[in-house]
Amino acid sequence: MSGERAYRALNTQSLLQQVILRYMLDGQAASKRGRLAWVTSGFPVEIPVAMGITASYPEQYGAVIGSEKVGPALCGFAEDLGYSEELCSYARSSIGSTSKPGESPMGGLPKPQALLACNNICGTVLRWYDAISQMTGAPVFLLDTPPVQGEQQPHHIAYVRRGIERLVTFLSSTFGVSLEEQRLREVATYATQAIDLWTKSLEACKNKPSPLNCADRFLAMAPIVSLRGTAPAVQFYQALYEEVRGRVSQGIGAIRDEKIRLLWDNIPPWFDIFKFFNGLAKRGVVFPADTYTHAWSGSIEGEDLFHNVAALYSNVYLNRGLQAKVDKIVELIKDYDLDGFVMFSVRSCKRYSVGQLVSKERVTEQTGVPGVVIEGDMVDSRLFNEAQIQTRIDALLEMFQ
Amino acid sequence: MIYFVHKEYKNTLTGGSALIEAATKQDSLQLSYGDVARSSEQRLRELSMSRRPTVRYVYPHIPLELFLAHGITPSLAWPDPSVQGGFEGSLQTFACSLARNLFSQRSTGGFSSLSGILFPCNTCDSLLNVADVWRHRFPEDKLFRLTYPAARFDDDSVRFLAEELKILSESLKDAFGRPFSKDELAAAVALVNRFRESAQILYACRIINPNTVSYFELARMVREFLTSPNADTVEPISGSAAAVLKKLEQEGQVGTVKSLKEELLSGTLSSTKIAVESKIPRIMVVGGMTEPLAIASLFKDSGKLSDEVIVLDLLSYGFKTVFTPPVNLEGDPFVAMSRSILNAPSEPTQEGLPRRLEFIKLLLSKLSINILVVCEQSFCDPDQFETPPILKIASEAGVPSLRLPIDPELSDRTRLEGRIQSFLETFGGSPR
């Protein structure tokens, strides 16, 4: 074991870098052609993609800002413009980066011609994109997907569906493009294939040892967010799944000595992602499941595409109530045979985080496994107290000894 | 074009404090924010003695008429400035300060008169999740939700909200065994219209002459009605407006005020222009779910200043509730209530920032506002995102602005008062 790392890197990482580089270059080229939209991670991107619009993802760029450890500086630029430090750090760093692209990784995201927000992941996205609109002049389109309580009602689907029709009208008038059903079906097929492969890779983590750890999934999720509905995403997930299958068949785990299996809830601290998870890997802790990367699932394929888009995108993890979140965590703990869970209470993200104190109690009641809530942020490392977090994690791990 | 020139407010229009006393029959200027809060609590306790259920509501844009039509009293869940802790085991410190305050009230034995509570859905993330936490912590409470469209006002959003109102109506009937009554709806619409008409008149009068009625008093009367909408609470504000109108009639200015009121309702102000030569500052207060009485009390208690300097608020519990258009009883009542709610002045929880900014710009220029106060509730995303663009347009309009980070407990009260006082002194609008 001496000299060996506790964590095994994926071979597909180099392919991931190529795919993401191409995505960035495509974004820059599209911006120059006047065909770029910034899109929220839960937006039904199949529609703009089918209409020939390239998408860039500010949340993903937020992850880059975080991992480059420039979150505090870029958030600070937004605070200089008057945005409270209590606001979402994805939004603050995005506003800061738009304000000072020259001081941002890769010169900032390419300039958008439209801003497409879907509030199925949080209410902040509308206000964040409004702020970007004020700075760039790009118009905002809101696809309003009210949170779903229980079963989605017919009037709810009808309302979201009308929003999708308005989206098509908006894109047509903004970009002078049109939507062909055949092309939308092709895009939907690519999206389904990528999501199927991604889901299989995630489910492979039910094996012991788990072939993927949290950091692996958080990095590998990039194409499912930013290239959903395209061929390169399918190619990447095919390669990833092959590698994951290979690991499973050979009994190779993501970490060398798997002892404790935990669930991770919420976005990770991007600025600390390797240090945090690899540090725990050295202690035999692996995270075979998390709620964040499992959020991209389902297919819009079928007879009535718009209906399916309305149903699928309204019912995403963050657009359902607390009980639905608890149910999902309980299901993951059981299916992946986990020993406990870590809830990262992200100060930036009220939609994801407010309620975790109650969720923690419920999950433990229903599964019998212990959990811990740690507090911090995903991009703004000023809000991350490493020593305090370590103490709480240590307390959790002691329960397994 | 309507054009006013006022050298001194007190010499124009209404004749000042004598009118206030005549209208309200009580010297509310002696009351404090705490007194009013205690009075509201007392009113709620009285309500709880009756057999009529009381449902507290968190977000001010609800169909008051619907609840009344079910024989239920809707009562706004006001923040309590005196509440201490109680949320810690359930909510993180970064949940919005209003949500924490309400939760603390409930967990420390408040809300004794509660028959049920209504939370909004699709307005902000904190309140969305707090409703779930509430349901878990207080399973004995009847918890209702009303989901709003966040998208712009159009037929789709009206239809969506109308359906949600039907669901709410069914839930109320099931929970309390009180069916929806069309007769009670008609009475409720009349009652609520009487309140809004009166409050709108007073708002319009205060823009022309802030001495018409003190801002504190107006906020108090609005609060009393929203705490318990009934004939008793509509009477003071209605009487106050009637007295003001009588005086205006003598001066031949009723048409002027009514015209301003209508323009405020439509958000146009196309024929209004107010010019003021008074040295007293004319302040507009903007923000979200900040208690107008808290703001009034900050100004009242800031040394020699009076809340007379506040000529208008654009707060959720103030202007934005008061200037909700009436429910049209013709046709489907649920569609009519939906249309009324969605036609109220836009909130930062909704789509439409550019239009909101345009409206503020219009008010600044047409109403001779020379100071803008922007209230920003702690950990409130909608408030905090909206503040920078508002400050920017104020700056572009040449209107000095003051940003007030605030929480329901006024935990930073001394500093807030100090900021207000020193800002006004810097501005040159020293007290008389």
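Visitor: How many residues does helix α14 (residues 322-335) of chain A have, and what does it reach from its first C-alpha to its last?

Guide: Helix α14(A) has 14 residues and reaches 20 Å, close to the 20 Å expected at 1.5 Å a residue. The expected span is 1.5 Å times one less than the number of residues. Helices (H or I, at least four residues) and strands (E, at least two) are DSSP runs, numbered from the N terminus. This is a predicted model, in which local features need pLDDT of at least 70 and side-chain atom pairs count only at pLDDT 80 or more, while totals for chains, interfaces and linings use all residues. Side-chain values use heavy atoms, with hydrogens and water left out; residues are numbered from 1 along each chain as its sequence is written, and chains are lettered from A and ligands numbered from 1 in the order in which they are written.

Visitor: Which residues of α14(A) are buried?

Guide: Buried means under 20% relative accessible area, exposed over 50%, and partly exposed in between (1.4 Å probe, protein chains only). In α14(A), the buried residues are L322(A), K325(A), V326(A), I329(A), V330(A), L332(A) and I333(A). Seen down the axis, they fall within an arc of 160°, so they line one face of the helix; the arc is that of the directions from the helix axis to the C-beta atoms. An α-helix has 3.6 residues a turn, so residues three or four places apart point the same way.

Visitor: What covers the buried residues of α14(A)?

Guide: Contact means heavy atoms within 4.5 Å. The cover includes β5 (260-265), β6 (285-290) and β7 (340-346) of chain A, and also α5 (125-137) of chain B. Just after the helix, D337(A) takes a positive phi of about 50°.

Visitor: On which side of α1(A) do its buried residues lie?

Guide: The buried residues of α1(A) are L16(A), V19(A), I20(A), Y23(A), G27(A), A30(A) and S31(A). They cover an arc of only 110° around the axis, which puts them on the same side of α1(A). The face turned away from that buried side carries the exposed residues Q17(A), Q18(A), K32(A) and R33(A). After α1(A) comes G34(A), with a positive phi near 75°.

Visitor: At what angle do helix α8 (residues 215-227) and helix α9 (residues 231-250) of chain B pack?

Guide: Axes are lines fitted to C-alpha atoms, for helices over the stretch in contact, and angles run from 0 to 180 degrees between N-to-C directions. Here the angle is about 145°, and the axes of α8(B) and α9(B) are 8 Å apart. The contact is made by L218(B), M221(B), V222(B), E224(B) and F225(B) of α8(B) and by T233(B), V234(B), P236(B), I237(B) and S240(B) of α9(B).

Visitor: Where does F379(B) lie, and is this residue buried or exposed?

Guide: F379(B) lies in the loop between β9 (371-377) and α15 (381-396) of chain B. Its phi is near 60°, a positive value in a residue other than glycine. At 11% relative accessibility, F379(B) counts as buried. M106(A), also not a glycine, has a positive phi of about 55°, but M106(A) is partly exposed, with a relative accessible area of 42%.

Visitor: Which residues does W128(A) touch, not counting residues up to four places away in sequence?

Guide: W128(A) touches P58(A), E59(A), Y90(A), A91(A), S94(A) and, in chain B, F385(B). W128(A) lies in helix α6 (residues 124-136) of chain A and is buried, with a relative accessible area of 1%.
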